[in-house]
Amino acid sequence: MDKKLKIGITCYPSLGGSGVVATELGKLLAEQGHQVHFIANSIPFRLGTFQKNIFYHEVEVNDYYVFRYPPYDLSLATKMAQVAKSQQLDLLHVHYAVPHAVCAFLAKQMVGDGLKVVTTLHGTDITVLAQDESLKDLIRLAINESDAVTAVSQDLIRETVELLDIQRPIDLTYNFIDKRIYYPRDAASLRRDFATPDEKILMHISNFRPVKRTQDVVEVFRQVQEQVPAKLLFVGEGPDLPKMQWKINDLGLNDKVHFLGKQDDIAQVISMADVLMLPSEKESFGLVALEAMACGVPTIGSQAGGIPELVLHGKTGYLSAIGDTQSMAENTIRLLTDDRLAAEFREACLQRAHHDFCNDAIRHEYEQIYYRVLGREVPNLKPVCG
Ligand code: GMT
C-alpha cells in the first residue's frame, strides 16, 4: 500500500510567521515524498524555486459588480473542494483559523467526509479574532468541526480553550527551524556596513503591528546606547513604522538606527545581531526568536504568550514583564558587556534551537497527526535530529 499522502495546504502567502511555517512544512513533507498542493491567492513567498512534489493552485475571486466585498472566502472554499476532488487529496491542512478553517469546513461539505481537515492555530486568529463577537461562533464551529486541531504553544492552547470554551483535544506542535538554513552565518563584512567594531547591534524583526510594541524597542535602545556603544537595526515593514520614525527623530537617535525594510535572507541578516528584541504584547510563539536562536542570537523579550516556552530566561535570553523597558535595557546591557556570558548564551541558543525545535521532529509530529485522522497506520518515519 502507498503510504505517502496527498495534502492540500492553505496559508496566508504573504509575510508572516504562519505563512512561513506552513510553507516550510510543505517543503519538508514534499521532501519525504508526500504530494503537497498549496491552495492560496498567490504563491507563498518562502516557496522559492521549483521542488518535486509541490504544486500551486491559485484562487481566483469573482468580482461581479454587485459585490461590495468580493467573496474571497467562498472562492477559496470552492477551490479547496475542486483541488481535493481532482487531485484526490487525503486531507487539507489549513493554517490560521480565519477564514481558512471555515473554508476547509465548507470544502468538506462539498467533497464528503473522506476529506479530513487539520487546522493549525497560530496566534492572533485566537488571541485577537476570537474575542470579536462577529467571528467568535464561527471560529468555534471551525475548530470543533476540524478532524484535528494543533496550536503552536501551550499558552495558545490554554487561551483557545478559555476564550472559546473548547472541549475537544488540541495537539501541541511547536514551530521549527530548518538547520540547513538557520545557522550562524559569517556576517563580519555586512556588520561593518552598520556598526564600527566597538559597537553592538540590537535588532528587531516584525511586521510592525501594534502588538509588537516597537516603541518599547526604541525606548530600550535609548537606555542601552547611553551606556554601551550600539546600533539598532529594524527589519520589516508595517503600520507602526511612521510612529517609530518620529520617536527616533524626537530622541535624536537617527544616526544610530537603520531601517532595512523587508528581507528574504533572515538567517544572514540575524547573524549580524548581538541581541534580538521581542517586547511583544501578544506572541503565541515568536518564530523570529527561534530563527535568531538558531543563528546563536539571544532574545531580549517580554513574557507574553508562548515566548517563555521558547526563550529560556537566563539561558537563551532574558524576559521581562510586558512594557518593562527598564528591566529589558538592564538585561541587554548585562549581555552586551559580559563576553563570557554572551558566549554561554550563544552556545545554549544553538543547542536548544537545533535539538528542541528540529524540523524533522516537528514534521514527524504533523505526519503522525495526519495518519491518525485518516485512521491509517503510521509508517516508520524516524526523525533525524542532530
Ligand atoms: O506575529 C505576527 O504578526 C504574524 C503572525 C501570523 O499569523 O503569521 O504570527 C503568529 O504566528 C507565528 C507562527 O506560528 C508565531 O510565531 C507568532 O508568535 C504569532 N503571532 C502572534 O501571536 C502575535
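Trainee: Where does asparagine 53 lie?
Mentor: Asparagine 53 sits in the loop between β2 (35-40) and β3 (54-58), where helices (H or I, at least four residues) and strands (E, at least two) are DSSP runs numbered from the N terminus. Its phi is near 75 degrees, a positive value in a residue other than glycine.

Trainee: What kind of model is this, and how are the residues numbered?
Mentor: This is a predicted model, in which local features need pLDDT of at least 70 and side-chain atom pairs count only at pLDDT 80 or more, while totals for chains, interfaces and linings use all residues. Residues are numbered from 1 along each chain as its sequence is written, and side-chain values use heavy atoms, with hydrogens and water left out.

Trainee: OK, what about the phi of tyrosine 96?
Mentor: Tyrosine 96 has a positive phi of about 90 degrees, although it is not a glycine, and it lies in the loop between β4 (91-95) and α3.

Trainee: And is tyrosine 96 buried or exposed?
Mentor: Tyrosine 96 is buried, with a relative accessible area of 13%; buried means under 20% relative accessible area, exposed means over 50%, and partly exposed is in between, with a 1.4 Å probe and protein chains only.

Trainee: Which peptide bond is cis?
Mentor: The one from valine 98 to proline 99 is cis, with omega near -5 degrees, and proline 99 has its place in helix α3 (residues 97-111).

Trainee: Changing topic, what is the strand order in the open sheet of 6 strands?
Mentor: The order is β10-β9-β8-β11-β12-β13, with parallel pairing, and two strands count as paired if DSSP finds at least two bridges between them. At the edges stand β10 (257-259) and β13 (317-320), each with a single partner strand, so one side of each is left without a neighbour in the sheet. From one strand to the next, the twist averages 20 degrees, where angles run from 0 to 180 degrees between N-to-C directions and axes are lines fitted to C-alpha atoms, for helices over the stretch in contact.

Trainee: How many bridges join β12 and β13?
Mentor: Strand β12 (residues 299-302) and β13 pair in the parallel sense over 4 bridges, and serine 302 stands opposite serine 320 in β13.

Trainee: Which strands does helix α9 lie across?
Mentor: Helix α9 (residues 241-250) lies across β9 (230-236) and β10, and it runs at about 160 degrees to β10.

Trainee: Now aspartate 360, which residues is it in contact with beyond four places in sequence?
Mentor: Leaving aside those neighbours within four places, aspartate 360 is in contact with Pro383, Val384 and Cys385, contact meaning heavy atoms within 4.5 Å. Aspartate 360 has its place in helix α15 (residues 359-373), and at 15% relative accessibility it counts as buried.

Trainee: Last topic, how many helices and strands does the chain have?
Mentor: The secondary structure of the chain comes to 15 helices and 13 strands. The radius of gyration of the chain is 21 Å, close to the 21 Å that the globule rule gives for 386 residues, so the chain is as compact as a globular protein of that length; this radius is taken over C-alpha atoms, and the rule is 2.2 Å times the number of residues to the power 0.38.

Trainee: What share of the residues is buried?
Mentor: Buried residues make up 56% of the 386 residues in the chain.
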